[in-house]
Amino acid sequence: MKREDFQQLDRGDPLTALREQFVVPDGLIYLDGNSLGVLPRATAARVAGVLEREWGQGLIGSWNAASWIDLPQRIGNKIARLVGALEDELVVADSTSVNLYKVLSAAVQIVREDAPARGVVVSERSNFPTDLYIAESVCRQHGWRLELLEHDTLADRLGCGDVALLMLTHVNYRSGRMHDMGALTRAAHDAGALTVWDLAHSAGAVPVDLHAAQADFAIGCGYKYLNGGPGAPAFVWAHPRHAGRFRQPLSGWMGHAAPFAFVPDYRPASGIARYLCGTPPVLSLAALECGVDSVLAAAPLGGMAALRSKSIALTERFIELVETRCAGHGLELVTPRAAAARGSQVCLARAEGGYAIVQALIARGVVGDFREGDKAREGVPDILRFGVTPLYTRFVDVWDAVEQLRQVLDGGEWREARFNQRAAVT
Ligand SMILES: Cc1ncc(COP(=O)(O)O)c(C=O)c1O
């Protein structure tokens, strides 16, 4: 295939107009929307409006007049449409890490009541570290144990009778592998365990149907494929069969049944609202709403199903091009070749120079990222990660990115000292 073929694919792409919603810097190929989504054009004016009018002029009256108080649930309802949840089941609050603590704690209480002999949380060894750290902490608090396995042994382990919770990130951040949420949830339930799903790399990237999967709890990020901006608030969902059942441990006033009654005793709100804790971050929520709206804008064009088809087409071509044009350079595909088992990213392993190659690409205007491996453990290589975001990634970007990668590898420029100096954030 030639570059013109990729330009032709863009001309025939029904989603191409969605890119106009975003500020994509000229000449930049941004393949890191799986870490931080790009800025929607609507965000600056919206945030300025919140600052100047709603805060500047409306001051405290804006909690009612501008409906600030409704933002966590209003945006939650929009995200719900992207992940197969229903109205008022999902709410925006805090960070993904904090929400994970809340749902794990609630899940522990349910298991304690329903199946007190169980006390093992099973997860994937390569799950995102914050998930493992939070789970470790919850386990320590309750005298439970966290057990880490490889992806292909999870289902077998569930049947051993002691597993209380299966906690997974739906699309693995290092490999881009997408778990079968329905099948694993079924296996967990058949074995008497509950499921907690991290949708950080799924919401806005791949179709998710929490109800069809019968999942128990879910959390996810606002700043990745939802384009909510750096540090955007996260979301939390509990299946209605669990949502009102237990207090989550961070019993702040916003999760109270009557926050403005100012009573001294805590009475949790019914349903998912009890998963709120403190005052909602209004400026960040305004930005997040613009980001979520940018994903919902795909609805008339086929929504998540159409975005998924394009994402698969982009990642397929990325893989093909790397295999044909970068052959012999020691790159190994880590992401599953089968599209159904792949999220919206392509991850490549390389024994040497991964960090520097990514830096050399960034210097050429191709932004991907690098995830460190574990030299002490077999099967945990350094990873070069390239996320595609069908809302704004074009087919020609895929061609150009792989061409730049080929040039960086052919010329060996990544060996230059300037590409080998580590910054604080990789
Ligand atoms: C799977 C996953 N979970 C959680 C997080 C981060 O959570 P937090 O927003 O609390 O930093 C990330 C960040 O990249 C992630 O990839």
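In helix 13, Ile357, Ala360 and Leu361 meet Ala401, Gln404, Leu405, Val408 and Leu409 of helix 14, a contact being heavy atoms within 4.5 Å. By class, this contact of helix 13 with helix 14 comprises 7 nonpolar, 1 polar and no charged residues (Ala, Val, Leu, Ile, Met, Phe, Trp, Tyr, Cys and Pro count as nonpolar, Asp, Glu, Lys and Arg as charged, and the others, Gly among them, as polar). The model is predicted, so that local features need pLDDT of at least 70 and side-chain atom pairs count only at pLDDT 80 or more, whereas totals for chains, interfaces and linings use all residues. Residues are numbered from 1 along each chain as its sequence is written, and side-chain values use heavy atoms, with hydrogens and water left out.

The axes of helix 13 (residues 354-363) and helix 14 (residues 395-411) come within 10 Å and cross at roughly 120°; helices (H or I, at least four residues) and strands (E, at least two) are DSSP runs numbered from the N terminus, and axes are lines fitted to C-alpha atoms, for helices over the stretch in contact, with angles from 0 to 180 degrees between N-to-C directions. Helix 13 is therefore oblique to helix 14 (angles under 35 degrees count as roughly parallel, over 145 as roughly antiparallel, 65 to 115 as roughly perpendicular and the rest as oblique). The crossing of helix 13 past helix 14 is right-handed; a crossing is left-handed if the near helix is turned anticlockwise from the far one by less than a right angle, and right-handed if clockwise.

Helix 14 also packs with helix 1 (residues 3-11), at an angle of about 155° and with the axes 7 Å apart. This angle makes helix 1 roughly antiparallel to helix 14. Arg3, Phe6, Gln7, Leu9 and Asp10 of helix 1 form the contact with Phe395, Val396, Val398, Trp399 and Asp400 of helix 14. The classes represented there are 6 nonpolar, 1 polar and 3 charged residues. In the loop between strand 15 (383-387) and helix 14 lies Thr393, which counts as buried at 1% relative accessibility (buried means under 20% relative accessible area, exposed over 50%, partly exposed in between, with a 1.4 Å probe and protein chains only). Beyond residues up to four places away in sequence, Thr393 touches Tyr30, Leu31, Lys310, Leu314 and Val388.

Helix 4 (residues 71-83) and helix 11 pack at about 25°, with their axes 10 Å apart. Helix 4 is accordingly roughly parallel to helix 11, and the crossing of helix 4 past helix 11 is left-handed. Their contact contains 11 nonpolar, no polar and 5 charged residues.

The largest nonpolar core has 61 residues, and Val83, Leu199, Leu210 and Leu226 have the most contacts inside it; such a core is a set of buried Ala, Val, Leu, Ile, Met, Phe, Trp, Tyr and Cys residues joined through side-chain atoms within 4.5 Å. Helix 11 (residues 282-296) contributes the largest share of this core, 7 residues. Leaving aside residues up to four places away in sequence, Val83 touches Leu90, Leu199, Ala203, Val208, Asp209 and Leu210.

The loop between strand 8 (194-198) and helix 9 (210-213) contains Val206, and Ser202 is placed in the loop between strand 8 and helix 9. Val206 is buried, with a relative accessible area of 0%, and Ser202 counts as buried at 0% relative accessibility. With residues up to four places away in sequence not counted, Val206 touches His170, Val171, Met178, Met304, Arg308, Gly343 and Ser344, while Ser202 touches His170, Val171 and Val208.
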